[in-house]
Amino acid sequence: MATSYKELLHEITTFFFDVDGVLTDGRMLISESGELLRTMNAKDGYAIKTALQQGFNICIITGGRNNGVKSRLEGLGVKDVFLDAHDKMKYLHQYAAAHDLKPEQMLYMGDDMPDVEAIEFVGLGTCPQDAIAEVKAVSDYISHKHGGDGCVRDVIEQVLKVQGKWHVAGGKNIQSS
């Protein structure tokens, strides 16, 4: 058993994220036509692109069905976006088997009850600061950032820094101690 979640960062190769409450703040603007609109944080987007460029896998598993969300994530380079995925463990297991992943290589970030089992399964279960109490109770790490406000960037940046794969302008990699 690791004494600190930071020890688990070294093994991570794959990030799994929920959307509502993680990549968004969980709020939805509903237009008169019934369209659901969400906002995402550009800093999370930068971190996602950087992780992909550094060879990490990113998989999105969400119960939502918004194709606009899928288009945004695909625009960042995320190839594995599972919408309308209410049985998150089914998709997590399928993805892990297809990519020959062990739990200790996987980080999952979720914020609500449908995410609990996945958080418990992976090597590093994480959540935003404003996740529900049940999710916080099973998470190895609780970000200091809220959903939609940089919590995804927080965990990606920590993993990449520990592994010496986070870079600044000019391409120099930064490693945290």
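Modeller: A helix, as the word is used here, is a DSSP run of H or I of at least four residues, and helices are numbered from the N terminus. By that reading, lysine 43 lies in helix α2. Keep in mind that the model is predicted.

Biologist: Is lysine 43 buried or exposed?

Modeller: Compare its relative accessible area with the cut-offs: under 20% is buried, over 50% is exposed, and anything in between is partly exposed. Lysine 43 has a relative accessible area of 54%, so this residue is exposed. Glycine 68, in helix α3, has 44% relative accessibility and therefore counts as partly exposed.

Biologist: How many Å separate the C-alpha atoms of lysine 43 and aspartate 130?

Modeller: The separation is 18 Å, for two residues 87 apart along the chain. Take glycine 68 and lysine 6 as another pair: they are 62 residues apart along the chain, and their C-alpha atoms are separated by 34 Å. Each pair has to be read from the model itself.

Biologist: Now the whole chain. How many helices and strands does it have?

Modeller: The chain has seven helices and 10 strands. Its radius of gyration is 15 Å, close to the 16 Å that the globule rule gives for 177 residues, so the chain is as compact as a globular protein of that length. Along the principal axes, the C-alpha atoms fill a box of roughly 50 × 40 × 30 Å.

Biologist: What percentage of the 177 residues is buried?

Modeller: Buried residues make up 46% of them. The accessible surface of the chain is about 8,900 Å², and carbon and sulfur atoms account for 49% of that area. Contacts tell another part of the story. Of those with a separation of 6 or more, 51% link residues 24 or more positions apart.

Biologist: How covered is β4?

Modeller: Mostly covered, since four of its five residues are buried.

Biologist: What is the general idea behind a nonpolar core?

Modeller: In soluble globular proteins, nonpolar side chains tend to be buried together. The largest nonpolar core in this chain has 32 residues, and Phe15, Phe17 and Ile156 have the most contacts inside it. β1 (14–17), α2 (42–53), β4 (57–61), α3 (67–76), β6 (106–109) and α7 (151–162) each supply at least two residues of this core. The largest share, seven residues, comes from α7. Apart from it lies another core, of 19 residues, including Ala85, Tyr95, Met106 and Cys127.

Biologist: Which residues does phenylalanine 17 touch?

Modeller: Leaving out residues up to four places away in sequence, its contacts include Val22, Leu23, Ile58, Ile60, Leu107, Met109, Val152 and Ile156.

Biologist: Last, the backbone. What is worth looking for in phi?

Modeller: Most residues other than glycine have a negative phi. Aspartate 84 has a positive phi of about 55° although it is not a glycine. Aspartate 84 sits in the loop between β5 and α4 (88–98), and with 36% relative accessibility aspartate 84 is partly exposed. Aspartate 100 also has a positive phi, of about 50°. Aspartate 100 is in the loop between α4 and β6, and its relative accessible area of 69% makes this residue exposed.

Methods
Residues numbered from 1 in each chain as written. Predicted model: local features only at pLDDT ≥ 70, side-chain atom pairs only at ≥ 80, totals over all residues. Heavy atoms only, no water. Core = buried A, V, L, I, M, F, W, Y, C linked by side-chain atoms within 4.5 Å. Buried < 20%, exposed > 50% of the residue type's maximum accessible area, 1.4 Å probe, protein only. Contact = heavy atoms within 4.5 Å. Rg over C-alpha atoms; globule rule 2.2 N^0.38 Å. Areas by Shrake-Rupley, 256 points an atom, 1.4 Å probe, with all protein chains shown as cover.
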